[in-house]
Amino acid sequence: MNKSKWMKAGLASALALSLAACGTTDDAADTDTDTETPTEEKTEEKVTLNVAALESGYGEEMWNEIKDSYEAANENVELELTLAANLEEVIRPNMQAGDYPDVVLLSVSREEALPETLIKEDGLENLTDVLDMKVYGEDVTVGEKMLPGFTDTLVTNPYGDDETYLMPMFYSPTGLFYNNGIFEEKGWELPETWEDMLTLGEEALAEDTYLFTYPVSGYFDTLFSSMLYASGGSDFFESAMTYEEGAWESEEATKVFETVGTLGEYTHPDTVANANPQDFTQNQQLVLDNKALFMPNGTWIVGEMEDAPRADNFEWDMMAVPSFGEGEDRYAFTFFEQIWVPSQAENIDAAKEFVTYMYADEAVNIFADSGAIQPVEGSTDLLEGQDEKFYAIYDEGVLPAMGGFASTEPVPGVSISEELYEKIDSVMSGDISVADWQASVVEASNQLRPALK
């Protein structure tokens, strides 16, 4: 893969400024690098390290290469890989029996909510010290190498303090993906506001094309978050993520709920039936077949649908989420996966050492060859062509957005993610009104507020 520079200083600064309101205020990377750290005592005894990773659109080959390269670099460690698309179903029974993997690559905001459960149960190892550790095989700390802002969010620091429990991994700008070919063919202009978007929806329907589809309702996590940012800015987004009283019933939130409800009128009728783990690619195929114009997704969609049939002159492209008014800010939510260590893992020190290797140049190159980009300085120098174009979205006046819900003590029967995202299928099908949907989210927020950690 040829190298071509992508990450401009403006993006790094924008990320740092935008994310400051979404998590901690101190940069965990700004530490004294002369401090004695665990990396100065490399693994000496032979250790078998169990690494469990989600098998996603990036494929499994990169993890096999990581295994070979790390074992070659650290002869005292043997990696035992567990790779699965349904990773929660594979490792949860073992964990319940007391057999924990040492390292897990599995993100929050998935239906099974495994990391969220462990966060509520204080079941994750504190990885703040990893930021001060030297990257395995290199003379630089993890914190020094990482892009600004990525460890200043409620995703990585779920307890709302300076302590990092989930380390950021592969990141991707997200937005609304579409076929640029049909826009050129029809002479349609890309919508900049939601008013433009719905006007285009009418034009498309007149030509038997629907405006919108989505793979599964969980993909609204990035879309809805971008819309919250666009509606009220970063301070408002943080108030919603921390269950601030009145946030979810405010004018800013109502505007977002009602817009999603209206979007349902322009959503392809097969979407809800296909919005499940078995059939979601059929919804993605709707865009490839020009049966739907837009869908929320990330840059991995290109590889995921690489072998799928498509319309003539099909060309993947991505745009930021529309603004709510002409000239107002537009956002592209920055999705990133997370790697973490269960607090009951058998080999915690060796696990932390392995996590530092995730940010080594050798590992970054292996991941990049599969399209998985790490949040470290220079990683996107490895991009070319279409991927380079996607990641350059922040150079075009689009603002980055990042963050997630604050952690709470367990509240039986209450999950704001379920209320917010899983009910979207019922909203789209007309089984639940927008008002009832919003009310359920408000109720969940009110119940979680007293339980904030």
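This text walks through a predicted protein model, from overall form to single residues.

The model is predicted, so some limits apply: local features need pLDDT of at least 70, side-chain atom pairs count only at pLDDT 80 or more, and totals for chains, interfaces and linings use all residues. Residues are numbered from 1 along each chain as its sequence is written, and side-chain values use heavy atoms, with hydrogens and water left out.

Start with the whole chain. The protein chain holds 18 helices and nine strands. Helices (H or I, at least four residues) and strands (E, at least two) are DSSP runs, numbered from the N terminus. The radius of gyration of the protein chain is 22 Å, close to the 22 Å that the globule rule gives for 453 residues, so the chain is as compact as a globular protein of that length. That radius is taken over C-alpha atoms, and the globule rule is 2.2 Å times the number of residues to the power 0.38. Along its principal axes, the C-alpha trace spans about 70 × 50 × 40 Å.

Now look inside. Of the 453 residues in the protein chain, 57% are buried. Buried means under 20% relative accessible area, exposed means over 50%, and partly exposed lies in between (1.4 Å probe, protein chains only). Helix α13 covers residues 348-357. Nine of its ten residues are buried, so α13 is largely enclosed by the rest of the structure. Among the buried residues of α13 are Ile-348, Phe-354 and Tyr-357. Lys-352 and Glu-353 are also on that buried list.

Next come contacts between parts of the chain. Ile-182 lies in helix α6, residues 180-186. Ile-182 is buried, with a relative accessible area of 4%. Asn-313 is 131 residues from Ile-182 in sequence, yet their C-alpha atoms are 7.8 Å apart in space. Asn-313 sits in the loop between α12 and β7. At 66% relative accessibility, Asn-313 counts as exposed. Asn-313 also has a positive phi of about 60 degrees, although it is not a glycine.

Gly-264 gives another pairing. Its place is the loop between α9 (251-263) and α10 (271-274). Gly-264 counts as buried, at 17% relative accessibility.

Return to the loop between α12 (301-304) and β7 (316-319), where Glu-306 is found. Glu-306 counts as exposed, at 58% relative accessibility. From Glu-306 to Phe-405 is 99 residues along the chain, and their C-alpha atoms are separated by 33 Å. Asp-208 is in another loop, between α7 (194-205) and β5 (210-212). Asp-208 counts as exposed at 69% relative accessibility. Its phi is near 60 degrees, a positive value in a residue other than glycine.

Aromatic rings come next. The structure holds 34 aromatic pairs. Rings of Phe, Tyr and Trp (its six-membered ring) pair if their centres lie within 6.5 Å; planes under 30 degrees apart count as stacked, over 60 as edge-to-face and the rest as tilted. Ring pairs link Phe-224, Tyr-243, Trp-248, Phe-257, Phe-405 and Trp-437 into a cluster. A ring can also meet a charge. The charged end of Lys-255 sits over the ring of Phe-324, 5.3 Å from its centre. Here the cut-offs are NZ of Lys or CZ of Arg within 6 Å of the ring centre and within 35 degrees of the ring normal.

On a 1 Å grid over the protein atoms alone, a cavity is a set of points where a 1.4 Å probe fits but cannot get out; a pocket is an open set with protein on both sides within 12 Å along at least five of seven lines; lining residues have an atom within 4 Å of a point. Grid points are joined across faces, edges and corners, and a volume is the space filled by probe spheres set on the points. A search of the whole structure finds one cavity of 30 Å³ or more. The largest cavity holds about 40 Å³ of space. Its lining includes Trp-248, a member of the ring cluster. The second largest pocket holds about 320 Å³. It is lined by 18 residues, and the closest to its centre are Val-302, Gly-303, Ser-370, Gly-371 and Asp-387. The elements that give two or more residues to this lining are α12, α14 (361-369) and α15 (385-391).
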